[in-house]
Protein chains: 2
Amino acid sequence: MHVFVLGGIGEVEAGADLAALIADAAGSRLRDGDILAVTSKIVSKAEGRQVRAADREQAITDETVRVVATRAFPGGMTRIVENRQGLVMAAAGVDASNTPDGFVLLLPVDPDASARALCAALHERTSLRLGVLITDTVGRPWREGQTDIVIGAAGVTVLDDLRGTTDASGRRLDVTVAAVADEIAGAADLVKGKTSGNPVAVVRGLGRLVGEPDDADARGATRLLRPSENDMFRLGSAEAHAEGFSEGYTAGLAAAAVDAASVVSVTE
Amino acid sequence: MHVFVLGGIGEVEAGADLAALIADAAGSRLRDGDILAVTSKIVSKAEGRQVRAADREQAITDETVRVVATRAFPGGMTRIVENRQGLVMAAAGVDASNTPDGFVLLLPVDPDASARALCAALHERTSLRLGVLITDTVGRPWREGQTDIVIGAAGVTVLDDLRGTTDASGRRLDVTVAAVADEIAGAADLVKGKTSGNPVAVVRGLGRLVGEPDDADARGATRLLRPSENDMFRLGSAEAHAEGFSEGYTAGLAAAAVDAASVVSVTE
């Protein structure tokens, strides 16, 4: 596997033709089976998702579908939420870096659709079988530091389902579904970095994960989203505890009232 | 960045000299600044961590320091726990694949120490500045599929702290600490796969993250572990809810008793 950045893409303006920018930056360097990992920031900017927001906190609230966990810190509040795109992330993915004062950058409305459009446009220009992954940076429970993940995908197998296959000893691999798209996003982040102005990396050597152009839509990133009802961590520990306490308190009062009522009834 | 597997390592027995096996498999292919991503399985096997266990469930209990979340499924129970190594993972990292019946494979006792020993032994053989990462496969909240992470490290910067640096527009990056070691583990997994008998990958092109041999111990994987007291997801949602309910119920009964006592006292 070989991973390299496409330099020379520069600042992306609203309405920009990303496929043209990427194809120009790539010149003749793209090959059949390449995967393009594209930082969501430039997709958002091209789609005009930089919006005026006097209040970043209100912008986060507006993008929130479900609050997962909050924690106060000196001077503010960390909010981990499920956003309109179904992603669980801090600040709903609302970004106030790389934007002028008084503006925030929202995630693409439908990142899978953005990836499909970019994949199709690149195919039209190059006639190559390519995959497109739109990436963003997130924190995670239990471990320090952030990693890049995939929020939109086209033409790339995002989950490599190895269940039913066997390990080197011939024993069945029971629970292994590799989240290869997120691993590719992380690999691309290692060469793109956060600060270098390199929003696109090419990942070569994983052609086995790249589909034919006409089934690009069968490989969206939404299948990486675990439905909250199946998630053992759908709510922060403190939030779940508080919810339980409140329900328990009410139940305790009610149980005491039943007891008291039975005492009264015995007395009478 | 270039990632390739070292073929020809074959089955690893207890007591095997991993540095010799890896150096032989590499031949003259290693370069200064390379990072070796080594699947924890072969480190465990070399360290004799394949142990007899009539009952895998008991082995998981024995490796558990703290239960994070459990969920019953038909025929069993998923247990997500913090294990002796401080890692939050399903089944405490106890592995019953790739082992004979009646045996399980435990994680290395101290994966950072294992990485340091391997790093030092490889340096002695090659005189190269190398990094060593010991990897394992884990699931994660909120997202489907599993990714590889780092459980032991030597000679590699595991967290790339970008706080205080600036983005392409000159704005400060406030909260970005990239978990580069986990991203490298994921990149290596993409070429190693789960089933192919390729337990070691070489990651080239990230020499900026590789330290001098004498400060290998300054770069352990334990710094990737978030202390549970700082973790908003230290306990599963259902477990935290149940704990809260129980405490709330007791508090509700007590509050009712105080009320009842004050009624009695007024009556008297």
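User: Which residues in helix 5 of chain A are buried, and what makes a residue buried?
Analyst: Buried means under 20% relative accessible area, exposed over 50%, and partly exposed in between, with a 1.4 Å probe and protein chains only. In helix 5 of chain A, the buried residues are A:V180, A:A181, A:D182, A:E183, A:I184, A:A185, A:G186, A:A187, A:A188, A:D189, A:L190 and A:K192. With 12 of its 13 residues buried, helix 5 of chain A is mostly covered.
This is a predicted model, in which local features need pLDDT of at least 70 and side-chain atom pairs count only at pLDDT 80 or more, while totals for chains, interfaces and linings use all residues. Residues are numbered from 1 along each chain as its sequence is written, chains are lettered from A and ligands numbered from 1 in the order in which they are written, and side-chain values use heavy atoms, without hydrogens and water.

User: What span should the 13 residues of helix 5 of chain A have?
Analyst: The expected span is 1.5 Å times one less than the number of residues. For helix 5 of chain A that should be 18 Å, and its end C-alpha atoms are 18 Å apart, which agrees. Helices here are DSSP runs of H or I with at least four residues, strands are runs of E with at least two, and both are numbered from the N terminus.

User: Why are helix 5 of chain A and helix 5 of chain B called oblique to each other?
Analyst: Their axes come within 8 Å and cross at roughly 120°. Angles under 35 degrees count as roughly parallel, over 145 as roughly antiparallel, 65 to 115 as roughly perpendicular and the rest as oblique. The two helices are therefore oblique to each other.

User: How do you know whether A:E82 is buried or exposed?
Analyst: A:E82 has 19% relative accessibility, so it counts as buried. A:E82 lies in strand 5 (residues 76-83) of chain A and touches, among others, A:R66, A:L87 and A:S228.

User: What does B:P227 count as, and why?
Analyst: At 32% relative accessibility, B:P227 counts as partly exposed. B:P227 is in the loop between strand 12 (200-204) and helix 6 (237-267) of chain B.

Key. Axes are lines fitted to C-alpha atoms, for helices over the stretch in contact, and angles run from 0 to 180 degrees between N-to-C directions. Contact means heavy atoms within 4.5 Å. Lists of a residue's contacts leave out its neighbours within four places in sequence.
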